[in-house]
Amino acid sequence: MSTEKELIVARMAAVRARLLRELINIDEQALTTGRLYGDWTAANLLAHLGEYDTLYTQMTRDALSGQLSKTGVDYTDIRDHLLPNRVGTWSLEKSVDFLLTSRADFVKVFKTVPVDQLKQKQRFHWKFGNKEGRSQGTINTWGQWRYMHDAGHMDDLTEWRKTLSESFLPPSKIILHAALETSSDDLWASAVLVPISERETLPVCGSWTLKDVLGHLADWDDWYLNIFYAMIGEPTTNLGWEEEGDANALNEKLVIANRKKSFKSVADHCLSARKALIAELQSVSDDMLADPYGGEDRVYPSAYHCLWAALDHYLDHTAVLRRTLKVKFPKYLLQFKGAYTV
């Protein structure tokens with residue numbers, strides 16, 4: 001059975017991945033100049049999420065070291081109405097990098113929390129401008145607050161993007177990169193919920209096991225990369241199965257082949273294939289990604305859409321994994337419907 005800590009980490013990853021997905025296919029100008037609410041931009045909001053992860057990382061560290069009762073918490077420097085003063089000049093890249101590294105830091109320290117300290121009450125004094133007081137909480141609750149905070153702002157982003165007009169600017173590579181990274185975090189955080197002894201026996205996607213799913217994702221990331229290369233004019237590789245007409249038959253053929261390999265080999269392939277996609281993404285510009293592709297074997301309108309499909313593929317299978325495991329998450333995290341899902 002999954003531990004409460006594993007479930008919190010998985011939910012943080014799931015909500016963060018969906019939040020970044022809300023910003024797919026939006027150009028950088030809209031992200032950095034369009035007003036989300038008040039004088040906040042979407043880029044400012046991402047930095048705001050990073051600020052709160054940083055705050056709770058320090059709170060958790062202080063609690064674990066027994067120093068929180070002495071150090072307390074000063075909320076003064078992260079007052080929401082002053083946000084643009086702090087991050088208003090940041091580039092989208094800096095805001096996104098802060099978002100990702102701050103969350104990674106929080107998850108890292110949260111995972112180290114001993115079980116007996118997870119729900120231990122932490123008492124501390126706080127300061128907010130000229131106001132001061134005393135409060136208490138648990139590290140377990142702080143972890144829950146991280147995904148609740150994301151979820152609230154994800155709804156804001158969903159509503160905001162409905163107000164955007166059609167843009168003829170290329171969508172942001174920075175956001176696509178971050179979304180691919182967070183979808184990978186999402187997959188592996190949910191994969192942990194499958195008992196180690198059942199990774200090759202427990203069905204988590206139809207008749208497929210976790211090992212089967214990881215192999216499937218790895219094989220198709222290889223395919224996405226090949227299509228991406230073709231679209232940007234780079235040499236492609238003959239994967240040996242491009243001419244297979246029936247996708248379902250091909251998937252079963254590939255799954256059977258992966259079953260002959262060790263779990264570690266399949267998992268390593270899944271990791272390396274996704275890293276290769278992200279590395280190649282970094283090598284091209286926003287304009288090159290969005291450049292319409294008119295080749296005879298055209299599968300996607302542009303290289304951007306090819307990697308968008310790879311993103312949705314991960315989110316779809318990870319949602320199915322959680323749904324099959326009957327994880328008690330909100331319904332929207334147990335299903336996924338995107339532009340490139342069936």
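**A guided reading of the model**

Lys-326 has a relative accessibility of 69%, so it counts as exposed. This residue belongs to the segment that follows helix 14, and although Lys-326 is not a glycine, its phi is positive, at about 60°. As with everything described here, this value comes from a predicted model.

A second residue with this kind of backbone angle is Asn-25, which is not a glycine either and yet has a positive phi of about 70°. Asn-25 sits in the loop that joins helix 1 (4-21) to helix 2 (28-33), and because its relative accessibility is 36%, Asn-25 is classed as partly exposed.

From these residues the reader may turn to the interior. In soluble globular proteins, nonpolar side chains tend to be buried together. Here the largest nonpolar core is made up of 59 residues, and Ile-175, Tyr-224 and Phe-228 are the ones with the most contacts inside it. Helix 14, which covers residues 303-324, supplies the largest share of this core, namely ten residues. Apart from the core there is a second, separate one of 32 residues, and among its members are Met-12, Tyr-52, Phe-110 and Ile-139. Which residues does Ile-175 contact, if neighbours within four places in sequence are left aside? They are Leu-20, Leu-23, Ile-24, Leu-31, Leu-46, Leu-92 and Val-96.

The packing of the helices can be followed through two pairs. Two packed helices are described by the angle between their axes and the distance between the axes. Helix 12, formed by residues 263-281, packs with helix 14 at an angle of about 150°, and the two axes are 11 Å apart. Since angles over 145 degrees count as roughly antiparallel, helix 12 is therefore roughly antiparallel to helix 14. The crossing in which helix 12 passes helix 14 is left-handed. On the side of helix 12 the contact involves Cys-270, Arg-274, Leu-277 and Leu-281, while helix 14 contributes Leu-307, Ala-310, Leu-311 and Tyr-314.

In the other pair, helix 3 (residues 42-64) and helix 6 (residues 92-111) pack at an angle of about 25°, with a distance of 8 Å between their axes. Because angles under 35 degrees count as roughly parallel, helix 3 and helix 6 are described as roughly parallel to each other. The crossing of helix 3 and helix 6 is left-handed.

How many disulfides does the model contain? The count comes to zero. Cys-270 takes part in no disulfide, and the nearest cysteine sulfur, which belongs to Cys-205, is 13 Å away. With a relative accessible area of 0%, Cys-270 is buried.

If residues up to four places away in sequence are not counted, Lys-211 touches Arg-199, Glu-200, Asn-258, Arg-259, Lys-261, Ser-262, Phe-263 and Val-266.

Gly-206 can be found in the loop between helix 9 (173-191) and helix 10 (210-232), and because its relative accessibility is 66%, Gly-206 counts as exposed. Along the chain Gly-206 and Leu-321 are 115 residues apart, and their C-alpha atoms are separated by 9.7 Å.

The last stop is His-125, which is part of strand 2 (residues 122-128) and is partly exposed, with a relative accessible area of 26%. Its contacts, not counting residues up to four places away in sequence, are with Ser-69, Lys-70, Thr-71, Gly-72, Val-73, Gly-133 and Arg-134. His-125 and Cys-205 are 80 residues apart along the chain, and 48 Å separates their C-alpha atoms.

Methods. Residues are numbered from 1 along each chain as its sequence is written. Side-chain values use heavy atoms; hydrogens and water are left out. Helices (H or I, at least four residues) and strands (E, at least two) are DSSP runs, numbered from the N terminus. Buried means under 20% relative accessible area, exposed over 50%, partly exposed in between (1.4 Å probe, protein chains only). A nonpolar core is a set of buried Ala, Val, Leu, Ile, Met, Phe, Trp, Tyr and Cys residues joined through side-chain atoms within 4.5 Å. Contact means heavy atoms within 4.5 Å. A disulfide is a pair of cysteine sulfur atoms within 2.5 Å. Axes are lines fitted to C-alpha atoms, for helices over the stretch in contact, and angles run from 0 to 180 degrees between N-to-C directions. Angles under 35 degrees count as roughly parallel, over 145 as roughly antiparallel, 65 to 115 as roughly perpendicular and the rest as oblique. A crossing is left-handed if the near helix is turned anticlockwise from the far one by less than a right angle, and right-handed if clockwise.
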